[in-house]
Amino acid sequence: MSKFKKLVAVTAVLVLALSMALVGCSGGKKLIKDGVLVVGSDCDYPPFIILDGDKPVGFEMDLMQAIADDLGYELEYLPPQNFDTLLTTLAGGAKMDIAVSSLTITEDRAKSVDFCKPYFDSNQACVVRGDSPYTKAKDLEGKVVGAQSGTTGEAWANEHLEGITMKPFNQTSEGLMALQAGEIEALFFDAPIAEYHLATNYPTMKIAEVIPTGEQYGFAVRKGNKDLLEEINASLDRLIADGTYEKIFKKYFPNLEPSVN
Amino acid sequence: MTVSKDKVVVSIRDLHKYFGSLEVLKGIDLDVMRGEVVVILGPSGSGKSTLLRCVNLLEKPTKGEIWFEDNLITDPKSNVNKTREHIGMVFQSFNLFPHLTAKRNIMLAQRKVLKRSKEEAERIAIQQLEKVGLSDKIEYLPAQLSGGQQQRVAIARALAMDPHVMLFDEATSALDPELVRGVLDVMRELALGGMTMMVVTHEMGFAREVADRVVFMDEGVIVEQGTPAEVFDNPQSPRTQDFLGHIT
Amino acid sequence: MTYVRVAVFSLLFVLLLGSLLIAFPQSAEALETESVTATRNEDGGTDIIGGKPTRLSWEGRVGNNEKVMQIVINFPEGCELADDAYLFLQEVIMDDPMHPRPDNAVKHEYELTQESLIINFTDGLRPGNKVIIQVYGFQFPAITADYYITGTYVDDKGLSHILKEYSRPVSVIGGTALENFLVWLSERDWVKAWNSNAFCNSFLNPVRAVASVPTLFGGWLISVALVALGFPLAIPVGLGISFLRMSKLWILRFLSSIYVNVIRGTPLFLQIYIAFLGLPLFISGMDNFTTGFIVLALNSSAYLAEIFRAGIQSIHKGQFEAASSLGMNGIKTMFFVIIPQTVRRVIPTMTSEFILLFKDTSLLAAVGVFEMMMFAKIQSNISANITPYVVAAGFYLLVTLPLTRVISVFEKKLAATDGKEAPPEDKKKKKPETKRVGLFKTTVPAAVNQDTGNG
């Protein structure tokens, strides 16, 4: 028994020491590496952020670069990781300064991270196969549908559609393949990304309905990292004021009005 | 005991065997009569084990004919398994089935090959084990038996198939001296009972006592053959003389 | 004749037109309730639990010819608000139905109480726009029931209208024993102290741990079922392939070696993707679970084939010869002599393969099979906490640790019987030596000692 107690005591001390060390190294610092903004992303959201070879490109990438240039930081991209682990990693505090991944600002996510001001207006799309009889999201009730795990699309379908079987995917592109293969009847994901995919890689699919969810994308930083949050917000304001934001926006979305002005 | 020796059981004609480019048997001619005990002697590498293994086709002869009773067993059309049912073989390394008890080792082929009923196979197994003096080891696994006991079970296993001829391939070579006797006793009994036997061995005493004919082989050929008295006491060939002189 | 036909067609046309009018009301004349929902707030579940904060969402569409100046939403009796309850309001501009745009700056004042929510819009909600009203920290009564949300609104002419009830109620369940326990647990002082440490909280939050156990257990059963169906299927397939690998026909050897090398030479993860995205194109109606255990079985069969082949080939040649010399053909030799000996030898490696396969069921989470890893992921995402993964690790160990123990017991047993199987007199002869055999001295090769075939 005393042996057991000793073991418990030693374990407790070890756990505490380790946790102090882990917490200690991430607490309160603005950036993990001085002068470098470490960016995490899923890199699966054309035309916002997508890998071109091993380099992320897209609207968010350009915007992020403009912000980094404005603030005099270097950018460093972490290897792409699954969307559903992104915020957990960011909140963990040891690896990532900022998450850039077409992140919808939600109150729930705001409990674990802080969001910068929005830079893009988005909605959800209910995407079906071209020959599908479904014309609106409600038609999918009771059916097998899919969404990327941890996204607002998944949450929307779960809350609004009765009797669905939700299949979560790691990547939107996997969901699209499953949709094509007939494994699911519809895929719920962000409308601008859906428009891009349908115009390029999946012409055989269609958007059954754009669901006005009024969501907006924002960059996320560690909870309580006020310094970085304010710097980024101020930088965004400057880029909007001097027309850089609009230039980048029009490069990717020539037919849309800039989301913020 | 009257033993009919007039009928040829195994007849070997101009048998050649190559292992790759190495010619191990260089034209063997040999007849074995019913009830005859033929002991094959010779130095290591003389081809005597290969000769024995050719008789039940564990080795495929390269050239030549082997007749077993009225069948030309070297003919590709002949049924190898059918032939082997009637030819018992005892190996140097026993080769008992380690997952089966002594009794079940003996029953297996009776049941699966001869299609004997379970009761009959069991009765014969027990009977054969008694013959080799192991009636108290019926339910033992091979691992629980000594080498000599294992070899006696192996002999019983072969005998249970009612073979027309028994082949012994250095049956006692792997045994410690004190265990050799038990096995030789069983073989002697068998010979006295009239079993046709081809025996490859180094046991000169056994050969002299039990053999009807001694065949001396060297380098893939039969150098000399005759009664034990002829070969042992008055060897004609220098090679035989050398072999016997060397080991005596 | 033609008159009759014309009459029938006219009638049908009128009926069709009528039904179209009923099915598609031309345009919304008044503020229309589009949906009333609440967010799932059950720990690890999919239900809406009463007495626990959730997010109540009311969505509606302003009529085409009106502006909305005030909305009043009445809550059912017994609803409560958490201390930090608040309103989130958004007007969505619907000018372009493909690109609706939010307006976060709607000027408004509101009053939120347990009975109702009253919102006054300074400039009014514009015609045709969508409005999203979300109440955070809203609690339904802890009584299992269907709740309807009612309300009224005032248009720009000052007229009051009744909000149409949404066709579907919010189904609430009145708290579960587990939920009650979790609430109790989260109020303990030691739990609070433990969770105040960031590390302890994220890796082993006691509340999250307990909350995740029921769902993870369900997932664990699925994982076990996957491997319990997949592995037995892999055994005969693997045995068959190991026979093909040893076949006399080169074409069979060739094909089976392709099978084995391709499967063993590519990651299971990749095979899962190919199977899940590819198979439905050819075979319809196969559910994820079935596809899942079939992929596992096929993968494992290649590994088992090699395990069996090695096992069979490790059986000494003497065993084949002994069986042949007794007149047994190849098939009989295999089934009655070789395989029974092989089985004992391959059990430890087979068990290892079973453990690997069991752990590999987690890969199926990536393609949407609801096994333990998937549930752990969902649980972790809900709470942005790693605890569910740690609990899942415990569930995996529940299977793998005892099996690892089984392996070592088997291996010990095997080693022991092997030692025993070498007869005592054989043990002495480990290397070639000249010794007396019978009456003569001769050289006994060491190989004969292993020839007992019991190895």
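The exercises below concern a predicted model.

**Exercise 1.** Determine how many residues of chain C and chain A are in contact, and what area the two chains bury between them.

*Solution.* 
1. Contact requires heavy atoms within 4.5 Å. On this criterion, 41 residues of chain A are in contact with 44 residues of chain C.
2. The size of an interface is often expressed as the accessible area lost when the parts come together. For chain C and chain A, the area buried between them is about 3600 Å², with 52% of it on carbon and sulfur atoms.
3. Of the area that chain C buries against chain A, 16% is supplied by Arg168(C), Phe199(C) and Leu277(C), more than any other three residues.

**Exercise 2.** Identify the polar interactions between chain C and chain A, and state which elements of chain C supply the side that touches chain A.

*Solution.* 
1. A salt bridge needs a side-chain nitrogen of Lys or Arg within 4 Å of a carboxyl oxygen of Asp or Glu. Four salt bridges are counted between chain C and chain A.
2. Glu162(A) and Arg168(C) form a salt bridge through their side chains, at 3.6 Å from N to O.
3. Helix 7 of chain C gives the largest share, five residues.
4. By residue class, this side of chain C comprises 26 nonpolar, 11 polar and seven charged residues.

**Exercise 3.** Explain why the buried residues of helix 2 of chain C lie on the same side of that helix, and find what covers them.

*Solution.* 
1. Within helix 2 (residues 177–186) of chain C, the residues Glu179(C), Leu182(C) and Leu185(C) are buried.
2. They lie on the same side of helix 2 of chain C because they cover an arc of only 125° around the axis.
3. The cover over these buried residues includes strand 2 (48–49), helix 3 (189–195) and helix 5 (206–245) of chain C.

**Exercise 4.** Locate Asn95(B) and decide whether it is buried or exposed.

*Solution.* 
1. Asn95(B) lies in the loop between strand 6 (87–90) and helix 3 (102–112) of chain B.
2. Although Asn95(B) is not a glycine, its phi is positive, at about 55°.
3. Buried means under 20% relative accessible area. Asn95(B), at 1% relative accessibility, therefore counts as buried.

Definitions and conventions. Residues numbered from 1 in each chain as written. Chains lettered and ligands numbered in written order. Predicted model: local features only at pLDDT ≥ 70, side-chain atom pairs only at ≥ 80, totals over all residues. Heavy atoms only, no water. Buried area = accessible area lost by both parts, 1.4 Å probe. Polar contact = N/O pair within 3.5 Å; in protein donor to acceptor, adjacent residues only side chain to side chain. Helix = DSSP H or I, 4+ residues; strand = E, 2+ residues; numbered from the N terminus. Nonpolar A, V, L, I, M, F, W, Y, C, P; charged D, E, K, R; others polar. Buried < 20%, exposed > 50% of the residue type's maximum accessible area, 1.4 Å probe, protein only. Arc of directions from axis to C-beta.
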